[in-house]
Amino acid sequence: MNARFQSVLLSIIFCCACARSSAQSAEQSSSRLIDKFQSYNTLQLLNGSSTTTFAINSVNGFKFGRFFTGIGTGFDYYHHTTVPLILEARFDLIRGKNTLQAFGNGGANFAFGTTNRQERTKTGPFKAAPMYGAGLDVLFPAKSNSFILGVAFSNKQVIQMIDNNIWNPYLNRIENIPVREEYSLNRIAIRMGWRF
């Protein structure tokens, strides 16, 4: 075997060993990341000044030590049915047999449906609007999962561009000049659910 062939063979063996080592390292880090995955799924009773109704949410993300962050969605039936898309952060305040967590979230909610059920004469498209919330949850362990019981405050905004047909004397026709109508809805939520 000449020296050139030996060096190529050693280089190939070295590259294969490095590739195998990095694959094992990636596999170990991905399995560790899977161990940190958590899903918070809640049913919420929403009580505000205009009505009492409910929402369902699922927030999925990763926990590192006392801190959790994830992305969530669901259905919010308060005033007008919307689909929220939120970023949520949680922190373990007290750890023991049960865990007390503080959380905050924020994002946007998107209208589900085009009919204004509160005032049917108001027609026009709904726009994405902001929403946010904060609260406390107590987690009661059940094997590797937990039952959730908590309370929160949340604000949901609903924006609708109301059709506004008016006569334009210059063009001698009726034109639609939409009027922006906004609702800012404060709610108290009683939360229960399951974390796995």
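1. K63 has a relative accessible area of 15%, which makes K63 a buried residue, since buried means under 20%. In this predicted model, K63 forms a salt bridge with D92, and their closest N and O atoms are 2.5 Å apart. K63 belongs to strand β2 and D92 to strand β4, so the bridge ties together parts that are 29 residues apart in sequence. D92 is buried too, at 1% relative accessibility.

2. A salt bridge also joins K156 and D76, with 3.3 Å between the closest N and O atoms. The pair ties together parts 80 residues apart in sequence, because K156 lies in strand β8 and D76 in strand β3. K156 counts as buried at 0% relative accessible area, and D76 counts as buried at 3%.

3. The count of salt bridges comes to ten. One of them is R180 with E182, where the closest N and O atoms are 2.7 Å apart. Here R180 is partly exposed at 49% relative accessibility, and E182 is partly exposed at 46%.

4. The largest nonpolar core has ten residues: L46, A55, Y78, F103, F126, A152, V158, Y183, L185 and A189. Strands β8 (145-162) and β11 (179-195) each supply at least two of its residues. The largest share, three residues, comes from β11. A second, separate core has seven residues, among them Y40, V59, F68 and I148.

5. Beyond four places in sequence, L46 is in contact with T51, T52, T53, F54, A55, D76, Y78, R187, I188 and A189.

6. On the surface, a nonpolar patch is formed by F37, L43, F54, I56, Y77, F140, F147, L149, M192, W194 and F196. Together these residues have about 950 Å² of accessible area. The elements giving two or more residues to the patch are β1 (37-48), β2 (52-64), β8 and β11. L149, one of the patch residues, lies in strand β8 and is partly exposed at 39% relative accessibility.

7. I94 lies in strand β4, which covers residues 82-94. I94 is partly exposed, with a relative accessible area of 49%. Leaving out residues up to four places away in sequence, I94 touches T99 and L100. The C-alpha atoms of I94 and R66 are 9.5 Å apart, while the two residues are 28 apart in sequence.

8. Two loop residues deserve a check of the backbone. Most residues other than glycine have a negative phi. H79, in the loop between β3 (67-76) and β4, has a positive phi near 65°. K143, in the loop between β7 (129-142) and β8, has a positive phi near 60°. H79 is buried at 14% relative accessibility, whereas K143 is exposed at 86%.

9. On confidence, the mean pLDDT of the protein chain is 85, and 84% of its residues reach 70 or more. Residues 15-19 stay under 50 and have zero contacts beyond four places in sequence. Residues 21-29 likewise stay under 50 in pLDDT, with zero contacts beyond four places. Where pLDDT is low, predicted coordinates should not be read in detail.

Technical notes. Residues are numbered from 1 along each chain as its sequence is written. This is a predicted model: local features need pLDDT of at least 70, side-chain atom pairs count only at pLDDT 80 or more; totals for chains, interfaces and linings use all residues. Side-chain values use heavy atoms; hydrogens and water are left out. A nonpolar core is a set of buried Ala, Val, Leu, Ile, Met, Phe, Trp, Tyr and Cys residues joined through side-chain atoms within 4.5 Å. Buried means under 20% relative accessible area, exposed over 50%, partly exposed in between (1.4 Å probe, protein chains only). Helices (H or I, at least four residues) and strands (E, at least two) are DSSP runs, numbered from the N terminus. Contact means heavy atoms within 4.5 Å. Patches are made of residues with over 30% relative accessible area and no salt bridge: like charges are joined within 9 Å, nonpolar side chains (Val, Leu, Ile, Met, Phe, Trp, Tyr) within 5 Å. Accessible areas come from the Shrake-Rupley method with a 1.4 Å probe; for residues, only the protein chains shown count as cover. A salt bridge is a side-chain nitrogen of Lys or Arg within 4 Å of a carboxyl oxygen of Asp or Glu. pLDDT is the predictor's confidence in each residue, from 0 to 100.
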